[in-house]
Amino acid sequence: MIVDPLAEIVTMLQPSASFSKLVEYAGRWRIRRDVEGKPVFFAVLEGACRLVGVGRSPIVVRAGDFVLSPSTDKQVIESIDAPAHGIDMVPAEIGEGRYRVGPADAPVNLRMQVGLCSFASPDAALLVSLLPAIVVARDEPRLAQLLHLVGDETRQFRPGRELVLERLLEVLLIEALRCGSDTVPVPSLARGLADDRLAAALRAIHARPEHGWTVAALAAEAAMSRSAFFARFSRVVGLPPMGYLVAWRMALAKRLLSTRDLAIEGVAARVGYGSASTFSTAFTRHVGTPPMRYARTAAR
């Protein structure tokens, strides 16, 4: 069975929509998105703006572009002619699902459909760290259509709303990650999957997390020497191979424990540990609490 690590991680994040809104921007403006403190995605419908993040060059996005920022890092969004210094602005609601940034009497120079979401996974920080910090997809109309569907669903209260939103967001995030470009050259799972040799090892881990993987065995999957594979994996993905394997196993273990469908021995076997005691020791060291206690807490 072919396993898609990117799809697995997005699904495990358990995304849910906070809301989707149409925002128009006028005059010279600047807004800090860390005020919201949530992952953000938006489609530029008209005009252009500049994204400014810590430690990276500004990015100009224009009509037809779709932007996904899974992390909650500080980020400034500003007009192309934004003043060098000035007061940060806050969107003002002007109608149902519609907001405005900038002076009321200034001409509109940008319109965007903006969505905010949350990740319910207890491993959200780890999983998000494996994704690119920001992704820009250009000329992908399907993304704008998906965002429109998310916005429509968030404003309605139809039966099955939460499930529909979760599935729409999963598709939206996967589509953005697979067709967009990683604009920040930092280690991530997406960069690893873009490397044919590393992708083979990553898919092997996700297809058989219970297997007794070693660095040498994963290097063989990648058709590389052990030392070259270790250095390349660590540099591109951001974790050493065994570190990634353990982190993924623990994320899977948390999901299995929270469902309470398996005893500890069953969970241990599913994530590659020969005994419940060995698994319990590793889980406690990684998570900070024994698996039985974690299962009880997660079930509340």
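Predicted model: local features only at pLDDT ≥ 70, side-chain atom pairs only at ≥ 80, totals over all residues.
Okay, let's start with a pairing: strand 3 and strand 6 run antiparallel to each other, joined by 4 bridges. Two strands count as paired if DSSP finds at least two bridges between them. Strands here are DSSP runs of E with at least two residues, helices are runs of H or I with at least four, and both are numbered from the N terminus.

Residues are numbered from 1 along each chain as its sequence is written, and side-chain values use heavy atoms, with hydrogens and water left out.

Back to strand 6, residues 75–78. Across from Gln75 in this strand stands Gly53. Strand 6 also pairs with strand 2, residues 30–32, again in the antiparallel sense, over 3 bridges. There, Arg30 has Glu78 as its bridge partner. So what about the faces of strand 6, are they covered or open? Both are covered, with Gln75 and Ile77 buried on one side and Val76 and Glu78 buried on the other. By buried I mean under 20% relative accessible area; exposed is over 50%, and partly exposed is in between, using a 1.4 Å probe and protein chains only.

Next, Arg50, which you'll find in strand 3, residues 40–53. Is Arg50 buried or exposed? Arg50 counts as buried, because its relative accessibility is 18%. Its side chain reaches two backbone oxygens: that of Ser79 at 3.4 Å and that of Ile80 at 3.0 Å. A polar contact is a pair of N or O atoms within 3.5 Å; within protein, one has to be able to donate a hydrogen and the other to accept it, and residues adjacent in sequence count only if both atoms are side-chain atoms. Leaving out residues up to four places away in sequence, Arg50 touches several others, among them Pro58, Val60, Val76 and Glu78. Contact here is heavy atoms within 4.5 Å.

Now the aromatics. How many aromatic pairs does a search of the whole structure find? The search turns up 6. Take Tyr273 and Phe279: their ring centres are 5.8 Å apart and their planes sit at 55 degrees, so this pair is tilted. For the cut-offs, rings of Phe, Tyr and Trp (its six-membered ring) pair if their centres lie within 6.5 Å, with planes under 30 degrees apart called stacked, over 60 edge-to-face, and the rest tilted. Phe279 is buried at 0% relative accessibility, and Phe279 makes another tilted pair with Phe283, at 5.6 Å between centres and 50 degrees between planes. Why are Phe279 and Phe283 about one helical turn apart? Because they are 4 residues apart in helix 11, residues 276–287. Phe283 is buried too, at 0%, and Tyr273 is buried at 14%. Put together, Tyr273, Phe279, Phe283 and Tyr294 make one aromatic cluster.

Tyr273 has a charge over its ring as well: the charged end of Arg249, 5.7 Å from the centre. That label requires NZ of Lys or CZ of Arg within 6 Å of the ring centre and within 35 degrees of the ring normal. Elsewhere, Lys21 lies over the face of Tyr99, at 5.0 Å from the ring centre.

Last stop, the backbone. Ala223 isn't a glycine, yet its phi is positive, about 55 degrees. Ala223 is in the loop between helix 7 (215–221) and helix 8 (226–237), and is exposed at 56%.
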